[in-house]
Each structure stands twice: as C-alpha cells, then as structure tokens.
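Reader: I would like to learn how to read pockets in a model. Please take me through them one at a time.

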Amino acid sequence: MAKLVLHPENIDDPQVLIDLCPFKAMEMTADGLNINAGCKMCKLCVRKGPKGAVEFVEDQVQPQIDKSVWNGICVYVDQVDGAIHPVTFELLGKAKDMAHVIDQPVQALLIGSNVSDLAHELLHYGADEVYVYDDERLDRFKIDAYTNVFEDFIQKHKPSSILVGATTIGRQLAPRVAARMKTGLTADCTILEMEDNSDLNQIRPAFGGNIMAHIKTPNHRPQMATVRYKIMNAPERKDEEEGIIIDCASTNSMVDSQIEVLDILKKEAEESIESADVLVVAGRGVKNESDLEMLQKLADLLHGKLACTRPLVENGFMSAKQQIGLSGRTVRPKLIITCGVSGAIQFTAGMDHSDQIVAIDMDPDAPIFKNANYGLVGDLYEIVPSLIEKIEAKKGVQNA
C-alpha cells in the first residue's frame, strides 16, 4: 500500500502544510504534526509543500506466482444443445493473435454431453488444443457443476489467460470461476492486448464511457476477461483441422449438482438488431414517437431494422432490445445510418465496428462525425424524406 511519510527535520512551519491540505488531513497533535484518515493521497503536500517535508512511499508488490508455470490462452466454448455461440469463434481469433506474441497455444474448453463433433469443428477455427469434458450429466448448464469442471481444467492445465463470451451463460460462469480461483475478472472488454511477459492488458469503457479503464492482474493467474459478441473479428474457417483433441475425465464430485433442470421452455425466435446487416438509428433528435414511422420506412426500404439510443428507450418510444450502446446491444452491421444521434461514447462503443457509418445531425461538431464514413450536416426531417424519395425512385426504375 502507498503512504505518506512526514520528515519533521524538513518542516520549519507545520502550519504551511496544514493550510495546504484541501482535505484537512494535516493536524497538530501532542506528538506533533500528523496525517489523519482524511488523507485522499492527492499528494499536493508532496508537490507544493516544503522540499523534503513529505515523501510518497509506494510499497513494491512482489510477484505471487511463477508465470512460467501458466501457459496458454484458453477460450471457453459457449454452447447450448450442440450450437456454438458465434462469440466463441471471435474469441478464438483474438486468442490466436495474442498467442503469437508469447508463443503459447490457444486452448478451447468444451463442456457438455455428446459434444465430440463440436470439438472437431473448433479445430477449423484456430484452436491448438481442445479440452473436452463430455458427460451426460453435463447436458444442461448447471452453474455449480460447470464451475467445478472449469476449476478442474484450470488446476490441471494452468492457462495463463481465459476469455469468456459475455453471454447469458458466460456472465454467470466467469465471475464464479474467478472467485473460485481468487483472481481478477474484467467484464465487457473492448480491447485486449498481450505483453511479451504474458500479462494481459484488458481495456474497457468505465464511468459511463467517460474514460477507458486499463486493467492488468500481473500478480495473479489465470487472467480472466469477458467480451461481448461482435466486438472481435472471427477468423475464416479453415478447410483442414489443425490441432489436437484432449478428452478429460469428470468425476462424480465434479458433476454432481444441487440444481435440477425441470424443463426447458424455448422462447419464440426473434430477429435481433445484432443480426441485421442494415440499421437505421433514431437518436435524441427525433422529436415525437410518431416520427419513428419515417425512419422505419427508410429501414424497410433498405431491408434493415430500426434501432435507437438510450433517450428514446427512457422516453418509452422504443424497446430496450432496440437500444445500441454500453447499456444496450453491440452491433456490427454492413451499413448503419444514425439520425439525430450526437455520438456520445456510450453509444459509439456499441457500433463503431460497423462497416459503413452514415451520420445525419444538425450539429457540425457532433462527435458522431468522428466515427462516420459519411456525414450529412442538416435536419433529419429534411434529409431522411429526401433519401426515402431517392431510394423509392431508384427501386421504381429497377422494378419497371
């Protein structure tokens, strides 16, 4: 822990330091000048006080682990009923890039029942080693059993880093495993970078997107991070399998669960904004709920979907399922048209990987134009109807 140390021999007038501290943490006691619990470590006394009067001392944290023992970048395979969530392939691609930096293997952890075919599929996407826990008692996700299996894998094979998709299952499993291993977990990372010494730089928006937090856990292993779908690039599927499959044994104590799955009720399939190739986004510049019909028409003409920013959800104009951003969905369409969207980082963090971004806004200094490939400065109530008219005219010519 860091601390401030007073050097009385360099203090001629204690009142100078008392007056300097904005938190009234400097006080005179019977033993002389002291620093009380009000200190916020602003270090103003070090910078502005008498030379040598106050020293900032930061204890050196000694490494608690032998990093050479931990080897490999592991990706948890998120699968339900034999269907692999596509975020898994994106994480395999990112793991492969980082593995080249430290010359370590890419590992995939596959847990389930009758999943041998899935194991072979992972070898087409860059996994060097696929560790398979195949047990009929693992056919359904049960948090206690899956955590036990995950822990067994870590204890035996010691991966240096673990990547988990920020899915419904991943958001439950990752923190439980991290707590079991007494290590750190960074949620919803947007950037991952590997250092030569195998330390993982985990970067994510924080404080509502106002800053980018840079997080490391250099004294603990494994390092764990979750990543949302469509943040990373998925690799191309290779024709040939490359890598090996390793069957792992599961014991009764590992897979026995206190949870009993009574029934599985499938909800109706719905097309989400994440899967859309084209999105039209309504922002704060949309004045009335009825005006959304105009944007919906534009989306329909482009065979796309209508999405929105947070203010429209808060106003009750649109559903939370249609919201893009840190508190909404992450999207990666081929084309996105933002209408009346200023472009706060809370929003752009959820869409800045789109192939083509077209922005419409009246403010020429709006942040959204820094992300846009094409910018139209003007009133959306004039521009959008004009776009609709031109698209309809072109479609009419094509259909004639």
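This is a predicted model: local features need pLDDT of at least 70, side-chain atom pairs count only at pLDDT 80 or more; totals for chains, interfaces and linings use all residues.

Reader: What volume does the largest pocket have, and which residues are closest to its centre?

Author: Start with volume, then look at the lining. The largest pocket has a volume of about 1,500 Å³. Its lining is made of 35 residues, and Val 80, His 85, Thr 167, Thr 168 and Lys 267 are the closest to the centre.

Reader: Which element gives the most to the lining of the largest pocket?

Author: That is α6, with four residues. Both β6 (79-80) and α6 (168-181) supply at least two residues of this lining.

Reader: How does the lining of the largest pocket divide by class?

Author: There are 14 charged residues, twelve nonpolar and nine polar.

Reader: What can be read in the second largest pocket, starting with its volume?

Author: Its volume is about 340 Å³. The lining of the second largest pocket has 18 residues, with Thr 309, Arg 310, Pro 311, Ala 344 and Phe 347 nearest the centre. Two or more lining residues come from each of α9 (310-314) and α10 (345-348).

Reader: How many residues of each class are in the lining of the second largest pocket?

Author: Nine are polar, six are nonpolar and three are charged.

Note on methods
Residues are numbered from 1 along each chain as its sequence is written. Side-chain values use heavy atoms; hydrogens and water are left out. On a 1 Å grid over the protein atoms alone, a cavity is a set of points where a 1.4 Å probe fits but cannot get out, and a pocket is an open set with protein on both sides within 12 Å along at least five of seven lines; lining residues have an atom within 4 Å of a point. Grid points are joined across faces, edges and corners, and a volume is the space filled by probe spheres set on the points. Ala, Val, Leu, Ile, Met, Phe, Trp, Tyr, Cys and Pro count as nonpolar, Asp, Glu, Lys and Arg as charged, and the others, Gly among them, as polar.
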